[in-house]
Amino acid sequence: MTFDYDLFVIGAGSGGLAAAKAAASYGARVGIAEHEALGGTCVNRGCIPKKLIVYAADFALQKQMAHRYGWTECDNYFDWTRFTKSVDKHLESLNDSFSKQLQKAGVDLIKGYATFVDNHTLELDGRKITADKILIAVGGRPNLPDIPGIEFAITSREMFHLPYLPKRFVVIGGGYIGIEFASMMNALGCKVTVINNDELILSGFDDDVRSRIQQGLANRGIRFFHNSTAKQIKLGEDGLLVNIKGDKQATVAADTILVATGRAPNVEKLGLEKVSVELAEKGTIKVNEYNCTNVDNIYAVGDCSSSLQLTPVAKAEGQAFAKTVFGKTPKTVNYSEVPTAVFSRPEGASFGMTEKQARSEFGDDGVECFSTEFKPLFSQFGGTEEKAMMKIIVQSENQRVLGAHMVGEHAADIIQSLGVAIRKGITKQDLDDTIGIHPTTAEEFMTL
Ligand SMILES: Cc1cc2nc3c(=O)[nH]c(=O)nc-3n(C[C@H](O)[C@H](O)[C@H](O)COP(=O)(O)OP(=O)(O)OC[C@H]3O[C@@H](n4cnc5c(N)ncnc54)[C@H](O)[C@@H]3O)c2cc1C
């Protein structure tokens, strides 16, 4: 049987684009469907616009210290509307560049929403397309908790289109997305409250990272409700009112309420029942280590099938899929070697095992932890309380570094480089023997 394409990809986000371009480079005839903007969540409503707000907010934080650095007059006004317009323009240019990349790679882009007809056939706005292999790369969307008044809240998607900067901002959820928005909105001058269902924010990170970031944000005036959940949202005379139950009971007033309580895969409307593709427990698409579903010509990558919902993971899965299926070289993704960061201020980043994970694998005597906490030069001179924390987890038996964790300026960039060395199996002695660059924050990893 002949098909229109060797591979058809549903979704042109991080995973789908990477897979489509890689498969085409192996000589496959590839088509890709996208019903929104090219680039998916990361480019249009995730990593990129978020990092641009982080940068915008950094000017506000630096302004607080500017007089210590000799600046006498700093412009005080931040124009949110002008800024978001510039962000939109930048994203448009990225969309254009993705379109050119697809053209250059020889991938056909078809605009529209794809659904399954059978194992080899998709329907796109009334048009039937056939393919030998189909890759599902449809990503996810924010979860909305089932509480009265949830329709008054917004999600990360709407954050980038707020018509104005709110004065009072409440975040429901203490994961990295909620915490990043809490941090940047606080820096931009909003009064921020975070409602988190645990004692510490940022579940999954090392406990020292969690507590230091929480403390750093509290020092900047963010109010936390721990072990708490939002029970109801109402529209009051003076804006929105969120009713909180937990360690403390309270009703907090807000202009904007952001819900950041996890994400769900975009699988319901795909017609998966027509091809009997199985789902895993949390509703994600079940795949094997080569990203193949239970149907042997249908694959899935990225947020719709992965438990690690990060752009580099989606890309790595897309490329590994293409190499395995079209490059004829089996390749899998190593999920234990994924660095992660939270772009709050203070910033945090991690690679490898947390202290808890290492102790549960090697026992208390099998693990040594080395850490330091100090005020970096920039904050010392700037007169702020911002501290840096660095920590490595070492296997006692052979002194191998199992994990590195950091809170402080440039944490993500520093941990990214350290990750390469840790992957290569360095020991604590290797770090001690490496000469640092002075004066930097990173050099402290060589002196733990
Ligand atoms: C606020 C926020 C901040 C984030 N920050 C970071 C970060 O700093 N670092 C990081 O690594 N990750 C970050 N992420 C996560 C990252 O964005 C995702 O992990 C990544 O985008 C997943 O890529 P994907 O290809 O699986 O899905 P997506 O990028 O979501 O792409 C899926 C695409 O499929 C399209 N689609 C869906 N269904 C269909 C259909 N039936 N037909 C046609 N098209 C369809 C969608 O429109 C979408 O464009 C962030 C996410 C959010 C929400």
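A polar contact is a pair of N or O atoms within 3.5 Å. In this predicted model, a backbone N or O atom of Gly15 lies 2.8 Å from an oxygen atom of the ligand. The protein buries 96% of the 1000 Å² that the ligand exposes when taken alone. The shell around the ligand draws residues from both domain 1 (5-141 + 264-325) and domain 2 (150-261), so the ligand lies between the two domains. The points below treat the overall fold, the ligand site, and a number of individual residues.

**Overall fold**

- The protein chain contains 12 helices and 21 strands.
- A compact globule of 448 residues would have a radius of gyration near 22 Å; the value for the protein chain is 24 Å, which agrees.
- Taken along the principal axes, the C-alpha atoms of the protein chain fill a box of roughly 70 × 65 × 45 Å.
- Among the 448 residues of the protein chain, 50% count as buried.

**Ligand site**

- There are 35 residues around the ligand, and those that come nearest are Gly15, Glu34, Thr41, Lys50 and Asp303.
- Lys50 has an N or O atom in its side chain that is 2.4 Å from an oxygen atom of the ligand.
- Tyr176 has an N or O atom in its side chain that is 3.1 Å from a nitrogen atom of the ligand.
- By residue class, the shell around the ligand divides into 15 nonpolar, 14 polar and 6 charged residues.
- At least two residues of the shell are supplied by each of helix 1 (14-25), strand 2 (30-34), helix 2 (40-45), helix 3 (47-66), helix 6 (176-187) and helix 8 (311-325).
- Helix 2 gives the largest share of the shell, with 4 residues.

- Asp58 is part of helix 3.
- Asp58 has a relative accessibility of 17% and therefore counts as buried, the cut-off being under 20%.
- The side chains of Asp58 and Arg345 make a polar contact at 2.8 Å.
- Arg345 is also joined to Pro346 by a cis peptide bond, with omega about 10°.
- Pro346 itself lies in the loop between strand 17 (340-342) and strand 18 (348-352).

**The cis peptide bond at His438**

- The peptide bond that runs from His438 to Pro439 is cis, and its omega is near -5°.
- Pro439 belongs to the segment after helix 12 (428-433).

- Gln249 occupies the loop between strand 12 (239-245) and strand 13 (250-254).
- The relative accessible area of Gln249 is 53%, so this residue is exposed, the threshold being over 50%.
- A polar atom of the Gln249 side chain lies 3.4 Å from the backbone oxygen of Gly246.
- Gln249 and Thr229 are 20 residues apart along the chain, and their C-alpha atoms are separated by 9.7 Å.
- Ser305 is found in the loop between strand 16 (298-300) and helix 8.
- With 11% relative accessibility, Ser305 counts as buried.
- From C-alpha to C-alpha, Ser305 and Gly139 are 8.2 Å apart in space, although 166 residues apart in sequence.

- Asn227 is not a glycine, yet its phi is positive, at about 45°.
- This residue, Asn227, sits in the loop between strand 10 (223-225) and strand 11 (229-236).
- Asn227 has a relative accessible area of 29% and is therefore partly exposed.
- Ser276, a residue other than glycine, likewise has a positive phi, near 55°.
- Ser276 is located in the loop between strand 15 (263-265) and strand 16.

Definitions and conventions. Residues are numbered from 1 along each chain as its sequence is written. This is a predicted model: local features need pLDDT of at least 70, side-chain atom pairs count only at pLDDT 80 or more; totals for chains, interfaces and linings use all residues. Side-chain values use heavy atoms; hydrogens and water are left out. A residue is near a molecule or strand if one of its heavy atoms lies within 4 Å of it. A polar contact is a pair of N or O atoms within 3.5 Å; within protein, one must be able to donate a hydrogen and the other to accept it, and residues adjacent in sequence count only if both atoms are side-chain atoms. Accessible areas come from the Shrake-Rupley method with a 1.4 Å probe; for residues, only the protein chains shown count as cover. Ala, Val, Leu, Ile, Met, Phe, Trp, Tyr, Cys and Pro count as nonpolar, Asp, Glu, Lys and Arg as charged, and the others, Gly among them, as polar. Domain bounds come from an automatic or database domain assignment. The radius of gyration is taken over C-alpha atoms; the globule rule is 2.2 Å times the number of residues to the power 0.38. Buried means under 20% relative accessible area, exposed over 50%, partly exposed in between (1.4 Å probe, protein chains only).
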